[in-house]
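I opened a new page for this structure. My notes follow the order in which I looked things up.

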Amino acid sequence: MLAMNYRGPHRVRIDHKPVPEILHPQDAIVRVTRSCICGSDLHLYNGSVPDTRVGMTFGHEFTGVVEQVGPGVEKLKVGDHVLVPFNIACGTCVFCQQGLYGNCHESNPQATAVGGIYGYSHTAGGYDGGQAEYVRVPYADVSPAVIPEGMDPDDAVLLTDVVPTAFQAAEMGGIQTGDTVVVFGAGPVGIMAARCAWLFGAGRVIVIDCVDYRLDFARTYAPCEAYDFRSLEDPVVFIKGTTESLGADVCIDAVGAEAAGSALQTVLGRKLLVQGGSATALHWAINSVKKGGIVSIVGVYGPVGTHVPIGNVVNKGITLRANQASVKRLLPRLIEHVQNGILDPKALITHRIPLEDVSDAYRIFSAKLDDCIKPVLMPPSARS
Amino acid sequence: MEHTPKDPSQVLGWGVDADPKNDPTYPMKHRTDGEHAGYSWGRPPRQPPTVEVLHSIERSDLTSAFGTSTPPSGASGALRRFAFQYSESSYGHWLPLMLADRVGVAEGVLNDLKNGRVPNVLAERGWKAEWKHDRTGLVRRILVRGILFSAAVAYFRGKSTDSR
């Protein structure tokens with residue numbers, strides 16, 4: 001089968017690999033119909049996630065048709081068209097039982113700090129991902145959901161990560177009616193988080209980024225205020241100035257490890273890789289939120305220490321909330337929102353690129369070429 | 001400010017998920033107090049290990065399911081085995097893994113060559129897309145790097161001439 005093959009930082013290609021096999025009774029093999037490149041894939045692409053091995057296939061946002069099931073699979077059937085949440089969850093451990101499907105204890109032997117994630121390095125379990133023609137799906141009865149009849153597959157594929165992550169970012173913000181919410185980052189998750197903030201009753205939503213076309217998109221899609229931090233002398237002072245010197249009620253970090261805006265953070269986190277990423281957005285979020293406010297983190301960082309103003313968290317009485325999205329928990333509500341027309345995820349998709357052109361797709365997304373917001377890889381069978 | 005709705009309630013779906021009780025505790029966790037009853041559960045059947053799979057020393061054994069992509073091998077594999085002697089809380093774990101990743105890149109090139117394949121680095125880096133969508137940026141980057149490289153070569157050549 002065709003599969004994306006990681007060869008080192010900024011180097012990926014398409015190669016032939018063996019079709020995956022059932023390795024566990026609760027496995028399914030899925031023929032991929034859509035597979036996105038996620039902003040967090042860029043952390044892998046840039047070589048900043050430890051234990052990212054040459055030869056691995058990335059991809060944790062995908063839909064596909066069930067081709068084969070293991071003897072322990074009872075709900076999914078061959079032929080089902082499913083959306084597959086990015087978390088690999090057993091459904092039985094103490095964390096899954098509590099709804100923390102992003103923190104499963106039975107899916108990642110390599111690290112206890114994160115559950116298994118498709119195609120996200122050995123630090124997240126060593127699973128090959130969905131940027132391929134076929135993919136192995138463990139615990140197939142737990143997280144994968146049959147795509148509801150009539151739902152556009154482009155909407156479905158964004159329900160595997162982007163929409164739940166953005167929705168949970170807003171949910172973790174504990175947004176109260178009338179709150180001012182600042183979202184750092186106008187990538188797909190940041191834009192969708194701004195959109196979701198309204199669903200929780202926000203009174204004002206502000207997005208901060210430095211990519212003009214994405215800010216323009218956020219203004220009309222969310223809809224919200226959107227500012228280029230390069231045109232603001234200091235984004236923290238700007239937020240304070242526009243909130244009567246108090247700060248925002250809720251700040252959301254939807255950027256993570258690749259943030260621009262601080263030379264020191266860029267050197268330490270993106271060039272030297274001596275910390276778990278460039279934490280500029282998180283730094284701004286902590287300093288922009290009001291005293292007693294909430295900072296919600298969905299941006300992805302590496303596992304080592306990262307330079308953030310933790311003293312200000314204490315002194316301001318800030319509540320930090322963060323997690324990988326619990327996709328399975330959120331799916332029923334989000335499917336409802338898509339079916340009712342409240343959320344329109346597919347509008348984020350700007351590029352549909354053949355899987356065979358995966359090298360170009362990564363370049364387009366990572367260098368923000370051609371006004372790219374969200375690229376979807378289309379395997380040959382999905383194009384015919 | 002012009003894009004801020006004057007009346008937020010006019011935004012489609014405004015307030016449909018509002019939850020005044022979510023302020024702030026553990027709303028993402030369905031509290032069962034299961035921890036207090038003990039950390040045991042009926043584990044799913046164990047996937048038979050068919051390749052070498054390293055596991056964190058912060059847990060006693062492998063998880064019931066795990067990935068089998070790219071098992072450790074070569075010098076990078078030795079570094080990874082070394083790293084897994086340390087906990088996730090230690091730089092002794094993460095720094096050798098980062099080093100192993102870089103060694104793995106060199107091993108990948110050698111493996112390609114061994115298999116009679118010269119890696120097309122320009123294609124792998126997606127330069128075709130960059131040529132199509134940002135030709136000026138690509139040319140500028142190549143020029144800047146070329147100038148920096150030439151300057152470095154000239155500098156070190158000058159130094160080696162001086163030392164003679």
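I began with a definition: buried means under 20% relative accessible area, exposed over 50%, and partly exposed in between (1.4 Å probe, protein chains only). With that I looked up Glu52(B), which counts as partly exposed because its relative accessibility is 35%.

Ground rules next. I am reading a predicted model, where local features need pLDDT of at least 70, side-chain atom pairs count only at pLDDT 80 or more, and totals for chains, interfaces and linings use all residues. Residues are numbered from 1 along each chain as its sequence is written, chains are lettered from A and ligands numbered from 1 in the order written, and side-chain values use heavy atoms, with hydrogens and water left out.

**Confidence**

I checked pLDDT, the predictor's confidence in each residue, from 0 to 100. Chain B has a mean pLDDT of 88, and 87% of its residues reach 70 or more.

**The interface**

I noted a buried area of about 7000 Å² between chain B and chain A, with 55% of it from carbon and sulfur atoms. Buried area is the accessible area (1.4 Å probe) that two parts lose on being put together, summed over both.

I also counted 44 residue pairs in polar contact across the interface of chain B and chain A, both residues at pLDDT 80 or more. A polar contact is a pair of N or O atoms within 3.5 Å; within protein, one must be able to donate a hydrogen and the other to accept it, and residues adjacent in sequence count only if both atoms are side-chain atoms.

**Salt bridges**

I used this rule: a side-chain nitrogen of Lys or Arg within 4 Å of a carboxyl oxygen of Asp or Glu. It gives 36 salt bridges over all chains, and 10 between chain B and chain A.

I looked at Arg333(A) with Asp17(B), where the closest N and O atoms are 2.6 Å apart. Next I took Arg363(A) and Glu130(B), at 2.5 Å, N to O. This pair joins two chains, because Arg363(A) lies in helix H12 (residues 358-366) of chain A and Glu130(B) in helix H4 of chain B. Buried or exposed? Arg363(A) is buried at 8%, and Glu130(B) is buried at 4%.

Within chain A, Asp249(A) and Lys290(A) meet at 2.6 Å, N to O. Asp249(A) is in strand E13 and Lys290(A) in strand E14 (residues 289-297), 41 residues apart. I marked Asp249(A) as buried at 18% and Lys290(A) as partly exposed at 28%.

Back to Glu52(B): its partner is Arg81(B), with the closest N and O atoms 2.8 Å apart.

Last, I listed a network of salt bridges linking Arg7(A), Arg11(A), Arg13(A), Asp15(A), Asp112(B), Arg117(B) and Glu124(B).

Notes
Helix = DSSP H or I, 4+ residues; strand = E, 2+ residues; numbered from the N terminus.
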